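Me: Hi! Could you walk me through this one while I have it open? I'll just ask things as they come up.

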Amino acid sequence: MIALGIETSCDETSAAVVRDGREILSNVILSQAAHTRFGGVIPEVASREHVRAIVPIYGQALEEAGVELSDVKLVAATMGPGLVGPLLVGLSFAKGLAWARKIPFVPVNHLEGHLAANILEHPDLDRHHLTLIVSGGHTMLVEVRAFGDYTLLGQTRDDAAGEAFDKVAKLMGLGYPGGAALDRLAAGGDPRFVRFPRAVMKDDYAFSYSGLKTAVAIYLERLDRSELEIHCADIAASFQEAVVDVLVAKTIKAAEAMQISHVTLSGGVAANSRRRARMSEEVAARGGRLFYPSPVLCTDNAAMIAAAGQYSFDRYGPGELVANAIPYLRLA
Ligand code: KG4
Ligand code: ZN
């Protein structure tokens, strides 16, 4: 079955064609450049950019996949969480297409999309696994028993880890969004240069990143320019280590407590090289296996939405055309 996926929850306009929830025939992603000069996403600007881009990106996705619209048997689009204006653009487009073609429409939870990126790429992943979703908007540890059957073990109480990466990157003059640039800079630094705080929470699986972000901001404020220039890689590595330490410790604790051997990373911060390396070591040391998507499937993309739409359709059938955008949609 050929599924078309549409993703417009934030500042990426993406359309993808996926066969049988496994084979990516195309995955076209346009990252909006309009926000760079503002240092953050402006929702209204994002909505307008999606309106301009959605039709050409959809056309390109069909063309690159080598399929006609008549070959598409399912349309899936992100319904939330995300920015309401941007969500409405992709959702309305997808619903219109499904209605006009009289084919099933499936609204998709964006977080379920991130989680599906691993199922899409790793046929040998156990359906029962533990996933850590870490993106610009979310940091959550989830037990997955099957697609659609989850328990949220814990999440961030304040900032998402990706948000902390972006804010620290901005303070260090690495541009926006700077998570990937910070990752590259940190590769050449000493992670023990500064001991930034690790949030200790009463709740085992809760996270907090606002204190760390403030600690780095104060540290940078007190530093003179020349010192920052000499030690920028060390500071980036030290910040990254503080983030990764907590993510690794809590995930391992949950995997051990629940005796789950397959662990996945998903969301934009799954692309982080330090985190992949540290988590791989720790999971393997306990006889488990770590899975993560290839970099293009870590950050927002429509292939993961098409795959999630397919899995949802296989299990629950088609969704309703009355589905609306839900900015604070939770993972059920
Ligand atoms: O999943 P995503 O594309 O968007 C949301 O759903 O939020 O995640 C984007 C986030 C941004 O905060 C970005 O800076 C971060 O992922 N990111 C990284 C890396 N690549 C992307 N953070 C750390 N290391 C990376 N290599
Ligand atoms: Zn995302």
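**Chat about the model**

Reply: Happy to. Let's begin with Y58, which is buried, with a relative accessible area of 12%. Keep in mind that this is a predicted model.

Me: How many aromatic pairs does a search of the whole structure find?

Reply: The search turns up four aromatic pairs. One of them is formed by Y58 and F93, edge-to-face, at 5.2 Å centre to centre with 65° between the planes. Y58 belongs to helix 1 (residues 43-65) and F93 to helix 2 (residues 84-101), so this pair ties together parts that are 35 residues apart in sequence.

Me: And F93, buried or exposed?

Reply: F93 counts as buried, at 17% relative accessibility. The cut-off for buried is under 20%.

Me: What about the rings of F147 and Y311, how are they placed?

Reply: Their centres are 5.4 Å apart and their planes are at 75°, so that pair is edge-to-face. F147 sits in the loop between strand 7 and strand 8 (149-155) while Y311 is in helix 10, so parts 164 residues apart in sequence are tied together. F147 is buried at 5% relative accessibility, and Y311 is buried with a relative accessible area of 9%.

Me: S312 is in which helix, and what does it touch?

Reply: S312 is in helix 10 (residues 303-316). Leaving out residues up to four places away in sequence, S312 touches V106, F147 and G317. S312 is buried too, at 16% relative accessibility.

Me: Switching topic: which protein donors does the zinc ion (ligand 2) have?

Reply: They are H110 (NE2), H114 (NE2) and D300 (OD), and they lie 2.0 to 2.1 Å from the zinc ion. Along the chain, the donors follow the spacing H-x3-H-x185-D.

Me: Where do H110 and H114 lie?

Reply: Both are in helix 3 (residues 110-121), four residues apart, which is about one turn of the helix. In general, an α-helix has 3.6 residues a turn, so residues three or four places apart point the same way. H110 and H114 are both buried.

Me: Nice. Which residues of helix 4 are buried, and what covers them?

Reply: In helix 4 (residues 161-171), the buried residues are A161, G162, A164, F165, D166, V168 and A169. Their cover includes strand 6 (129-134), strand 7 (139-146), helix 5 (179-186), helix 6 (210-222) and helix 7 (225-258). Just after helix 4, G173 has a positive phi of about 75°.

Me: Last one: where does the charged end of K250 sit?

Reply: The charged end of K250 sits over the ring of F207, 5.7 Å from the ring's centre.

Note on methods. Residues numbered from 1 in each chain as written. Chains lettered and ligands numbered in written order. Predicted model: local features only at pLDDT ≥ 70, side-chain atom pairs only at ≥ 80, totals over all residues. Heavy atoms only, no water. Helix = DSSP H or I, 4+ residues; strand = E, 2+ residues; numbered from the N terminus. Buried < 20%, exposed > 50% of the residue type's maximum accessible area, 1.4 Å probe, protein only. Contact = heavy atoms within 4.5 Å. Donors = N, O, S within 2.8 Å, 3.2 Å for Na, K, Ca; no water. Phe/Tyr/Trp six-rings, centres within 6.5 Å; stacked < 30°, edge-to-face > 60°. Lys NZ or Arg CZ within 6 Å of the ring centre and 35° of its normal.
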